[in-house]
Amino acid sequence: MGEKKENLDFFQTTYDCVIENGTVIDPKTELRTIANVAILNGKIAGVTRAPLKAARTIDATGKIVCPGIVDPHSHADGQLFSGYVMASMGVTTIIVGSCGLGPYPVKEFLTGLDETGYPLNTAALTPQSWILREKAGIESPYHQATEKQIRQMAQWAEEDLLNGAIGLSLGLEYAPVTSWDEMAAMAKVAAKYDKVMPIHSRAGGWNSLEATREVIKLQETTGVRVLISHHVYQCGQGMMEESLKIIEKARRQGYEIAVDSGAYCDFACPVGSEVFCEGWQDIYDCTYHDILAGTGKYAGQRLTEETFNEMREQDPDASVTAFVGKPYEVALALKQPYVMMSTDGGFPNLAPGIGHPQTAGTYPKILKDLVRDQDVLTLMDFAKKSSWMPAQLFGLETKGFIGEGADADILIFDLKRVKDNATFPGLGDPMAQPDGIDYVLVAGVPVIDGGEIKKDAKPGKSIFAKTELWKI
Ligand SMILES: [Zn+2]
């Protein structure tokens, strides 16, 4: 009787919103069907073929309804502009503080974000390689941490994890002399609480296989769950196939290694970063002309030896794009069943017209190129890799699926029309809104409504991660 009554309630309730007649893709159950999705109080109340009453209905006939995208690798760091740009391509939750760089302490940042409001849900990693190293008084990326500094950083990391950080991130390429002891001390803290450790590995180019092996060794030695960050940026210069083989062998042997990768093989970073260390032209098999300025005096221009050196000296924080990748390796990485999607997008100083197209183009580009046009991925693959897998990895239990009890973070798009419009600076607008992303709901509230960005919508919530001692 109880169950029947509950059913009756379900069909008689007037919902806040019902998404009608869309093709629902649920990566948790692998269900794909045409149905209605009921939303009440920011949650999905159920999925049914029966008609339902609602304060608002969204007609999704002919469109895809899938979980809102969970980006496991963002640098939006609370910046409002980045938040809306990322929402415009279907992102509803971001994990910031990647590459050892980001807001700290995490508790303060997340609390502040809830006070000011934000369009997306945000979780944050404790950023080690830039932020904790700086706090510990380590003079430069070329200075090794002392034993005392390592102990101190491990303690800060532990406090931050206990205060709600969702993991601990490293950006080894940006702190190239990071010792094994420093890395292992950080990994042990994360492992103690079974937190994920996303790692921007030590180097790209010809060093990248060694860098992949180092991450695996860290997993083996400390038991930390590692996430190899933006793999196509690390190994997409001709090393992808070999690197994936190394990872696959390790995974078959039971190593806990996750991988995220994006839609672009050409990466952006500050011109002053350690990526351009001695001999970078050999490492990446490229010249000054392969570097495009994204911000600053030479924005939109390919660099020369003179302008490159000038930027590095006078404007080291300016963003540049390195056109050094092999495009086929984007798909090679993303089609592996264990590789999830990520953007590396958003930036604390992002503004219209500058930056890398990954912030506005990643997911529409994958949908257009790899799902619709090239048939490399199915829609179910897309939903899994863009939402369910990252949600599972980071323990976001109410995200990444379309079903009763899920947060009403939902993406509705038209596969026939979907298209990325973002391009590299100098070639077009890197922040151009994509076509075909019609509705993006965060906790049931539209941030994208009928293709339009709602600039005052701030339904996102900060995610304070639970932290418990991990025991086997
Ligand atoms: Zn990175």
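**Where domain 1 meets domain 2**

Hi everyone. In this model, 17 residues of domain 1 are in contact with 17 residues of domain 2, contact being heavy atoms within 4.5 Å. Before I go on: this is a predicted model, where local features need pLDDT of at least 70, side-chain atom pairs count only at pLDDT 80 or more, and totals for chains, interfaces and linings use all residues. Residues are numbered from 1 along each chain as its sequence is written, and side-chain values use heavy atoms, with hydrogens and water left out.

Now, the layout. Domain 1 covers 2-65 + 433-453, and domain 2 covers 68-396; the bounds come from an automatic or database domain assignment. Taken over C-alpha atoms, their centres are 33 Å apart.

Next, the buried area, meaning the accessible area (1.4 Å probe) that two parts lose on being put together, summed over both. Here that is about 1,400 Å², with 79% of it on carbon and sulfur atoms. On the domain 1 side, Pro27, Pro434 and Val442 lose the most area to domain 2, together 32% of what that side buries.

What about charges? The rule finds 1 salt bridge across this interface, that is, a side-chain nitrogen of Lys or Arg within 4 Å of a carboxyl oxygen of Asp or Glu. Lys384 and Glu30 pair up through their side chains in a salt bridge, at 2.4 Å, N to O.

Finally, which elements of domain 1 give two or more residues to the side touching domain 2? They are β1 (14-26), β2 (31-40), β18 (437-442) and β19 (445-449), where strands are DSSP runs (E, at least two residues) numbered from the N terminus. β18 gives the most, with 4 residues.
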